[in-house]
Amino acid sequence: MRRVQRLNRRQFIRALAWTSFSLGLGGTSYATLWEPSWVKVQKIKLAYPDLPPGLEGLTLLQLSDIHLSRVVSRSYLRQCIQMANQLKPDIVLLTGDYITRQKKYIPLMAEELSHLKSPLGSYAVLGNHDYWTHGPMVKTALRKAGIHVLTNQHTQIQVKDTELWILGVDDLWAGIFDLEKTFHGTPEDRFRILLMHNPDEFEKASGYNPNLILSGHTHGGQVSLPYYGPILTPSRHGNLYASGLFKKEETLMYVNRGLGLISPPVRMGVRPEISLFTLHRETRYPA
Ligand SMILES: [Fe+2]
């Protein structure tokens, strides 16, 4: 019979210290080196009972919270854009925070985003960090990259013989958040998608009955612990709208976890994401 050797007190403490150190080092390496660039393509089917036939199967790709900076590299963004293009979306929708704080990253970010491909165009709103860096410069750079920037504005595009309306409300924290102006003149009986960087005003925005709201801002909390959830979400609702799909009456809202990060430069349990939505007409609501 094999004898189990017992550790004395000193050996036990030493083994415990090494185990903790290794786990800590592994966890830190994972959260700083691996997960921040481990992008997940989140495919989401959105079912609407009254979806116009012309929008059946339409694909929308959302990117959010890129935060190009010292800790989010241009090469990482380039890989994300390549992944996005491989998904061949019909429309690209961008929900803000392209930059964290430094103006020098604005042209680099725009140069990379100019490679996005979508037959029906790319549309964007700004986030709080874009304003805290330089809102006008970010808008100009995005426009030069061929992206339509919407600031309390809307636009109508034609998908086959069907109207689709894309609306963009200005940022809640750093812009002039004006839902009334954004929705004014848009027909309620047409499919309307609202880009809204910060999800905090979901209740208010859903009162205008858009079919879909796309948000970001939260980064999913950036660090989410098992059995606990995100440890800190920048929202007055706490973790309520940290990430994922929400529904209020006829309106669905999706909160994207973002691609980049802000300090501390860690992601844990909240992988960066590219969201790809497909619209379907179904009697079940939602899918
Ligand atoms: Fe952000």
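## Overview

Two strands are said to pair if DSSP finds at least two bridges between them. That term is used below in describing a predicted model.

The protein chain comprises six helices and 14 strands. Of its 287 residues, 40% count as buried. Among contacts between residues at least 6 apart in sequence, 74% join residues at least 24 apart.

Strand β6 covers residues 153–159 and strand β7 covers residues 162–169; the two pair in the antiparallel sense over seven bridges. Within this pairing, Gln-158 stands opposite Glu-163 of β7. Two residues lie between the strands of the β6 and β7 hairpin, and in this hairpin Lys-160 adopts a positive phi near 55°.

Strand β7 also pairs with strand β8, which is formed by residues 191–196. Here the sense is parallel, and the pairing extends over six bridges. Leu-164 is found opposite Phe-191 in β8.

## Helix α3

Helix α3 runs over residues 105–113, and its buried residues are Tyr-105, Ile-106, Met-109, Ala-110, Glu-112 and Leu-113. These residues lie on the same side of α3, because they cover an arc of only 160° around the axis. In general, an α-helix has 3.6 residues a turn, so residues three or four places apart point the same way.

## Helix α4

How far does α4 span between its end C-alpha atoms, when a straight helix of 17 residues would span 24 Å at 1.5 Å a residue? The span of α4 is only 21 Å. Helix α4 also has a kink of about 110° at His-134, and this kink lies shortly before the proline Pro-136.

Several residues of α4 are buried, namely His-129, Asp-130, Tyr-131, Thr-133, Val-138, Ala-141 and Leu-142. Their cover includes helix α3, together with strand β4 at residues 122–125 and strand β5 at residues 148–149. Just after α4, Gly-146 takes a positive phi of about 85°.

## Summary

Strand β7 pairs with β6 in the antiparallel sense and with β8 in the parallel sense.

Notes: Residues are numbered from 1 along each chain as its sequence is written. This is a predicted model: local features need pLDDT of at least 70, side-chain atom pairs count only at pLDDT 80 or more; totals for chains, interfaces and linings use all residues. A residue is buried if 20 or more other C-beta atoms lie within 10 Å of its own, exposed if 12 or fewer, and partly exposed in between; C-beta atoms are placed from the backbone. Helices (H or I, at least four residues) and strands (E, at least two) are DSSP runs, numbered from the N terminus. The arc is that of the directions from the helix axis to the C-beta atoms. Two residues are in contact if their C-beta atoms, placed from the backbone, lie within 7 Å. The expected span of a helix is 1.5 Å times one less than its number of residues. The bend at a residue is the angle between axes fitted to the seven residues ending there and the seven starting there.
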